[in-house]
Amino acid sequence: MRSHRPTVLLLIAALCCVVLVATGCSMATLAYRNAPTLIGWRAGSYFDLDSDQRAEFEQRLERVHAWHRREELPRVIATLREARRRIDGEVSIVDAKWLAAAVQDHYRKAAARIVDESADLIPTLRPEQFAALERKFAEVDKEFVEEWIDASPEDIRDARIERVTKRAEEWLGRLEPDQRKWLRARLDEIPTDYRAARADRLRRQAEFLALLRGDAVAMRARLDRSTVLAPLKRWVIDWDHGRSPSELARIDRLMGDYSELYVELINRATPEQRDHLRGRVDAYIEALSKQLP
């Protein structure tokens, strides 16, 4: 499934955990080096930013990028080194929870920084740019519904298996037939409620639009900046805020199920696949170390 997070502010994840989503260390290095331009381009596609707004946004992202290289990138590399140490032995659910918490911590620090740096652009947003963002949300939602709700159960199952298999093989190399069979059976044991996921995303999108519109008015009125931005920063950092107890429980179960799946898969890896995994992590460490100032 493609990512459907509802704001370009969340693309700051490309700065703090690009190594976890890129398809190779060369792509990770390229994406990290050019993150301000890439994020600025993506922001333009969501908000239909004019040339002056995009240039200003990218300039501010350059400052975030410089801060990240100086302050956060060493911590990202340290996380990778610790992950590399942990995969030398049997992996446990404790390791999976540690990694999830570490990535979330990297994300939160970088996301808060980008909100602080880019907030002065909010009062420059015009009504037609909010409308452009709403159209983009609708376009993404339409694609999601077609792929994960309106498709047949068989097609959804196949797409899910393909996605998880591809992700696993990026890190472990080619899975063997018995591993693929096990993975298919294991995924069938994990329920996924795409309608609930969609409802949660639509709720957060509506909240984001309301916050942006309100902040634009408040900042034009020169109200206290930190007070105005506090709810937006909380929205960006705390994804659980506003979720019902049942939705929190659903997400917690899903994350736990997938964590257990990946832990089991790594522990089932052949020696060659383990070497492939270690090599991938080592390559990321080496490539990102070259980006340190």
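**The core around L133**

Modeller: Leaving aside neighbours within four places in sequence, L133 is in contact with Y46, F47, F208, L209 and L212. In this predicted model, L133 belongs to the largest nonpolar core, a set of 34 residues. L133 is among the members that touch the most others, together with F47, I122, F208, L212 and L232. At least two residues of this core come from each of α3, α4, α5 (93-118), α6 (127-148), α9 and α10. The biggest share is that of α9, which gives six residues. In soluble globular proteins, nonpolar side chains tend to be buried together.

Two loops next to the contributing helices deserve a remark. D48 lies in the loop between α3 (35-47) and α4 (51-86), and its phi is near 55 degrees, a positive value in a residue other than glycine. R222 sits in the loop between α9 (194-220) and α10 (225-237); its phi is also positive, about 60 degrees. R222 counts as exposed because its relative accessibility is 75%. Most residues other than glycine have a negative phi.

As for confidence, the mean pLDDT of the chain is 88, and 90% of the residues reach 70 or more. Where pLDDT is low, the predicted coordinates should not be read in detail.

Technical notes: Residues are numbered from 1 along each chain as its sequence is written. This is a predicted model: local features need pLDDT of at least 70, side-chain atom pairs count only at pLDDT 80 or more; totals for chains, interfaces and linings use all residues. Side-chain values use heavy atoms; hydrogens and water are left out. pLDDT is the predictor's confidence in each residue, from 0 to 100. Helices (H or I, at least four residues) and strands (E, at least two) are DSSP runs, numbered from the N terminus. Buried means under 20% relative accessible area, exposed over 50%, partly exposed in between (1.4 Å probe, protein chains only). A nonpolar core is a set of buried Ala, Val, Leu, Ile, Met, Phe, Trp, Tyr and Cys residues joined through side-chain atoms within 4.5 Å. Contact means heavy atoms within 4.5 Å.
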